[in-house]
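Read it with the structure open.

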Amino acid sequence: FICLFQISIFMTHLSNYGNDRLGLYTFVNLANFVQSWTNLQLQTLPPVKLAHKYFELFPDQKDPLWQNPCDDKRHRDIWSKEKTCDRLPKFLVIGPQKTGTTALYLFLVMHPSILSNSPSPKTFEEVQFFNRNNYHRGIDWYMDFFPVPSNVTTDFLFEKSANYFHSEEAPKRAASLVPKAKIITILIDPSDRAYSWYQHQRSHEDPAALKFSFYEVISAGPRAPSELRALQKRCLVPGWYASHIERWLVYFPPFQLLIIDGQQLRTDPATVMDEVQKFLGVSPHYNYSEALT
């Protein structure tokens with residue numbers, strides 16, 4: 001079998017090897033067989049150099065895909081007993097930006113059974129795990145943002161990262177780690193969202209937003225300056241709602257996705273939050289009509 005591959009990795013720390021007194025005998029005789037009956041030359045490298053060599057040969061495997069360690073008994077058996085998958089979120093607010101996600105976040109944390117992640121020193125209330133290089137920090141890093149729920153059944157952990165919506169990587173990564181999580185997105189008129197983002201960038205003194213008008217941004221052609229095209233992309237691409245929702249539906253079934261009307265959230269938040277509570281199945285029912293008056 002190993003003759004078919006340029007690199008073979010043997011996980012000798014696993015119980016089926018580590019507790020097997022025939023393990024060393026098997027490996028020694030395998031090496032002797034290859035050396036005696038083939039023209040292959042066996043080599044070994046230190047772990048870091050071996051990793052570099054492996055990913056040179058298989059670059060498509062360079063990006064990890066974290067799975068829930070509690071979904072497989074073999075993983076649970078070798079995982080630390082001090083860790084728990086109960087610190088993974090039950091739902092995600094995925095954005096997009098400038099549609100009302102911060103308002104929804106503030107409404108959600110008013111509920112006594114809904115708990116958010118602790119803030120990030122760089123991205124504030126957003127963890128931005130599934131869409132950025134934070135993903136390579138691993139699931140322990142991710143779970144450290146969440147409290148241990150006092151009641152696994154009734155407590156609902158969640159996180160809001162508005163860049164997840166249009167991320168190409170986020171749906172696949174999220175589905176691998178939290179496949180049963182419910183997904184919430186908020187949509188408004190995409191032209192309103194684009195203009196809101198443009199004004200957001202102006203308020204943060206983005207040079208391109210200060211230099212160019214909104215019309216110049218959205219109408220810029222392929223030969224426009226790179227800074228202008230970059231701003232145009234941030235204004236327009238998150239508003240390609242159908243394409244991004246289709247990507248999420250590849251990995252999550254429709255009944256796990258809730259689309260909120262951002263305009264209704266602004267004008268009638270109590271009704272929207274009643275719908276959100278029903279979608280999540282959270283209890284007790286929180287009276288937003290009373291809390292928001």
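Contact here means heavy atoms within 4.5 Å. Helices (H or I, at least four residues) and strands (E, at least two) are DSSP runs, numbered from the N terminus. The model is predicted: local features need pLDDT of at least 70, side-chain atom pairs count only at pLDDT 80 or more, and totals for chains, interfaces and linings use all residues. Residues are numbered from 1 along each chain as its sequence is written, and side-chain values use heavy atoms, with hydrogens and water left out.

**Helix packing**

Two packed helices are described by the angle between their axes and the distance between the axes. Axes are lines fitted to C-alpha atoms, for helices over the stretch in contact, and angles run from 0 to 180 degrees between N-to-C directions.

Helix 8 (residues 190–203) and helix 11 (residues 226–236) have axes that come within 8 Å and cross at roughly 130 degrees. Helix 8 is therefore oblique to helix 11. Angles under 35 degrees count as roughly parallel, over 145 as roughly antiparallel, 65 to 115 as roughly perpendicular and the rest as oblique. On helix 8, Arg-193, Ala-194, Trp-197, Tyr-198 and Gln-201 make the contact; they meet Leu-231, Arg-234, Cys-235 and Leu-236 of helix 11.

Helix 7 (residues 170–177) packs on helix 12 (residues 241–251) at about 25 degrees, with the axes 9 Å apart. That makes helix 7 roughly parallel to helix 12. Ala-170, Pro-171, Lys-172, Ala-174 and Ala-175 of helix 7 touch Arg-247, Trp-248 and Tyr-251 of helix 12.

**Cysteines**

How many disulfides are there? The count is 1 disulfide, a term for a pair of cysteine sulfur atoms within 2.5 Å. Cys-70 is joined to Cys-85, with S to S at 2.0 Å. The torsion about their S-S bond is about 90 degrees, so the disulfide is right-handed. The bond links distant parts of the chain, 15 residues apart. Cys-70 lies in the loop between helix 3 (47–57) and helix 4 (73–78), and Cys-85 in the loop between helix 4 and strand 1 (91–95).

Buried means under 20% relative accessible area, exposed over 50%, and partly exposed in between (1.4 Å probe, protein chains only).

| Residue | Relative accessible area | Class |
|---|---|---|
| Cys-70 | 26% | partly exposed |
| Cys-85 | 12% | buried |
| Cys-235 | 1% | buried |

**Domains**

The domain assignment gives domain 1 (1–62) and domain 2 (73–292). Such bounds come from an automatic or database domain assignment. Taken over C-alpha atoms, the centres of domain 1 and domain 2 are 42 Å apart.
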